[in-house]
Amino acid sequence: MRRVASGLVIVSAAAVLAACGQSAAPEGGAAATTSGAATPAATATATAAPAIDPEKAALLASLPAPYNTGDLENGQKQFQLCRSCHTITEGGANMTGPNLYGIFGRTAGTVEKFRYSEPLKAAGFVWDGGKLDQWLADPRGFLPGNRMSFMGVKDAKNRIDLIAYLKVETGHKPGG
Ligand code: HEC
């Protein structure tokens, strides 16, 4: 069921791309009103079509599996767990945690002017989807002694959606 829903998101993202440059009329909304008593199928299609920026939809589609089928809306929702400590915009402030813009492809513990714990400073690996997945599943277990006091994101699908969202939002380049 989730796979089907994700598929619909991709299809509708492609539709958004195809419609790029034409009128910005909200297609899903129009379909929902003309059908009056919408069938369950029509409703499902309408709800599975979030207003994703075409550029972000294209970037999402270019990600390696499983992130290419990530649900950006759910990812954004999951990011609520992080935003009290992290910014993700370019040039965003370091707060309790470091700014996460450009995190993918960057060596762990290297944001300027952020005072990392010794374990994170010495970690030496480069952040990718897999590493972030492990970190978020169990922040303490993954790198003992680090200072991120966060219980983690236990649900694997929520982590995939969150990582897809972060890849799309933190300046990650297509194809990576
Ligand atoms: C309570 C505050 C807090 C929350 C909530 C939190 N973090 Fe952190 N995060 C930190 C701190 C502090 C560090 C630095 C840890 C260290 O130096 O050991 C960190 C480090 C990181 C790093 C490593 C950054 C680098 O430059 O190597 C990533 C990635 C990260 N957090 C992602 C997340 C994500 C994604 C979430 C939400 C699911 C999250 N964090 C939630 C405080 C937080």
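A polar contact is a pair of N or O atoms within 3.5 Å; within protein, one must be able to donate a hydrogen and the other to accept it, and residues adjacent in sequence count only if both atoms are side-chain atoms. The model is predicted, with local features requiring pLDDT of at least 70 and side-chain atom pairs pLDDT 80 or more, whereas totals for chains, interfaces and linings use all residues. Residues are numbered from 1 along each chain as its sequence is written, and side-chain values use heavy atoms, without hydrogens and water.

| Residue | Protein atom | Distance |
|---|---|---|
| Ser117 | side-chain N or O | 2.5 Å |
| Gly109 | backbone N or O | 2.8 Å |
| Trp127 | polar side-chain atom | 2.8 Å |

The iron atom of the ligand has His86 (NE2) and Met148 (SD) as protein donors, 2.0 to 2.1 Å away; donors are N, O and S atoms within 2.8 Å of the metal (3.2 Å for Na, K and Ca), and water is not among the atoms, so sites may look incomplete. The pair is 62 residues apart, with His86 in the loop between α5 (72-79) and α6 (118-123) and Met148 in the loop between α8 (139-142) and α9 (156-169); helices are DSSP runs of H or I with at least four residues, numbered from the N terminus. His86 is buried, because its relative accessibility is 11%, and Met148 is likewise buried at 19% (under 20% relative accessible area, 1.4 Å probe, protein chains only).

Around the ligand lie 28 residues, of which Cys82, Cys85, His86, Ser117 and Met148 come nearest; a residue is near if one of its heavy atoms lies within 4 Å.

Key
Helices (H or I, at least four residues) and strands (E, at least two) are DSSP runs, numbered from the N terminus. Buried means under 20% relative accessible area, exposed over 50%, partly exposed in between (1.4 Å probe, protein chains only).
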